[in-house]
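I wanted their volumes and the residues around them.

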Amino acid sequence: MFYNSTRNSNVKVNSAEAITQGISAEGGLFVPESIPELSLEEIRTVGNMKYSDRAAFVFSKYLTDFTDAELHYCTDNAYSVKNFETESIAEIAHLFDGTYMLELWHGPTCAFKDMALQILPYFLTTSAKKIKLDKKIVILVATSGDTGKAALEGFRDVEGTSILVFYPEDGVSPMQKRQMQTQEGENVGVCAIKGNFDDCQNGVKAIFTDNDVKKRLNNAGFMFSSANSINWGRLVPQIVYYISSYAELVKDEEIELGDKINIVVPTGNFGNILAAYYAKHMGVPVNKLICASNVNNVLTDFINTGIYDRNRQFYATVSPSMDILISSNLERLLYLMTDKNDGIINEWFGRLSSEGRYEVTEDVKAKLRDEFWAGCCNDEETKAAIHRVYEKYSYTCDTHTAVAVKVYEEYRNATGDNTKTIIASTASPYKFSAAVLEALEGNSSDMDEYTKVDRIAELSDIPVPEALADLKNKPQRFSDAIDKADQKQYVLSTLGI
């Protein structure tokens, strides 16, 4: 299996090269030359494996330059009880008749990003050895909240790497900020940007493709890579849990092998739902992919109209990990939907950069409507969904998962479709305690963050994850905040070059 760039189809690298580079030299994203197919019987077989073996099986289809021993080394170390609080790794909760919560937040940072960022360091270090890389790898990360902490935890003290995370100063929850500012490790760095997530992400992308920066890095014995989902090594682990959950439902006799399901994903950067798209096209029987957005509804508008327009007001919401107006992974989807037409991808994303908008062809609009259904909701609707699910099912969900619940309700009302459905539950409710507690009790509170956490625990009877409970007593290590224009110089100064 080789990988092309979305902006230059003549680029052809193996998976180890794609993972170490993170992004192609001209700014494109790496995409596998083809999507491997799984038979229904193979999917059934997956259900009889433990999660680490399920992952190794799926990875063997994409990372064909890795040996079986290398794959199992990566998966056995990443997906174990030392990293996750449950042996299942990805739990499935039965919310109500025919609807299932795929709980992806039982890892060390209590967010779905752990599912990929616990294994990415193993992918990256194994890839570096395979291609005989003699440089120190510098991981640059832009985060809207969860990716940053998960990447910091995954790469903490990993030999041959250093990691620097940028987050929007006022665009993450207090718990997310506390997680990053207290991060342990000798090779980690954290810095706030006075702006929003798109400012962080645009700055990182610009640094990646800056020829002067690349030259200075090379001379100093460094190279950049990414832990954002622009890195294929971040995206491919997310495909696993959709295949795994379907196989698990078959095993548990909740569905028959071959039955179609819907998948609902709360998303801002489009990576998590793109992984579900890949799972579908590998052979998982999926009826509809339902894309759920908060009031920053650029994806909802795009799927419904075919026009991507970031020229709109940006909102800071109670679901901050989705506060995004530039959805990077959409580029991979459109590359596939245009039959790998790198010319039109360069045209569209050039317009996005210069004008802030583009419109896809009628053919692509039809493909989008066929594959996806999209909806959005505001903060009040999000909190109302948390309250409604709690009252009806005694289940407490976080603000991002609640967006998915609300949009799924809209989908059912609009279509009458009662297909059994998996909702991707992306974070622990304790990471967004202020909004969750307000939703549960109906009023805001001036209690401190940790008292709110304790109160949610009383109401929901869900144990507080140890990783969050311990934050209260950890010393703050990082407090830098810079203007977005200073991001490049900050990186160079931090690296001492």
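Entry 1: The model is predicted, so I log every value as computed from it.

**Entry 2: the largest cavity.** I looked up its volume, which is about 260 Å³. I then listed the lining and got 26 residues. Nearest the centre lie Phe112, Lys113, Gly268, Asn269 and Ser321. Which helices each supply at least two residues of this lining? I noted helix 7 (146-155), helix 11 (232-251) and helix 12 (271-282). I also sorted the lining of the largest cavity by class. My tally reads 14 polar, eight nonpolar and four charged.

**Entry 3: the second largest cavity.** Here I read a volume of about 40 Å³. I wrote down its lining: Ala142, Gln201, Val204, Lys205, Asn228 and Ile230. Which helix gives the most to it? Helix 9 (residues 197-208) does, with three residues. By class I have three nonpolar, two polar and one charged.

**Entry 4: the largest pocket.** I turned to open space next. The largest pocket holds about 820 Å³. I find 36 residues in its lining. Asn83, Gln118, Glu153, Gly154 and Arg156 are the ones nearest the centre. Two or more lining residues come from each of helix 4 (68-78), helix 6 (120-130), helix 7 and helix 21 (466-469). Helix 6 gives the most, with five residues. I note that helix 7 is on the list for the largest cavity and on the list for the largest pocket. How does the lining of this pocket divide by class? I have 14 nonpolar, eleven polar and eleven charged residues.

**Entry 5: the second largest pocket.** I read about 450 Å³ for this one. Its lining has 22 residues. Arg7, Asn202, Lys205, Phe349 and Ser353 lie nearest its centre. Helix 9, helix 14 (330-337) and helix 15 (342-354) give two or more residues to the lining. The largest share, five residues, comes from helix 15. By class I count nine nonpolar, eight polar and five charged.

**Entry 6: a cross-check.** I went back to Lys205. Lys205 lines the second largest cavity, and Lys205 is also among the residues nearest the centre of the second largest pocket. Helix 9 turns up in both places too: it gives three residues to the lining of that cavity, and helix 9 gives two or more to the lining of that pocket.

Notes: Residues numbered from 1 in each chain as written. Predicted model: local features only at pLDDT ≥ 70, side-chain atom pairs only at ≥ 80, totals over all residues. Heavy atoms only, no water. 1 Å grid on protein atoms, 1.4 Å probe; cavity = no way out; pocket = protein on both sides within 12 Å on 5 of 7 lines; lining within 4 Å. Points joined across faces, edges and corners; volume = space filled by probe spheres on them. Helix = DSSP H or I, 4+ residues; strand = E, 2+ residues; numbered from the N terminus. Nonpolar A, V, L, I, M, F, W, Y, C, P; charged D, E, K, R; others polar.
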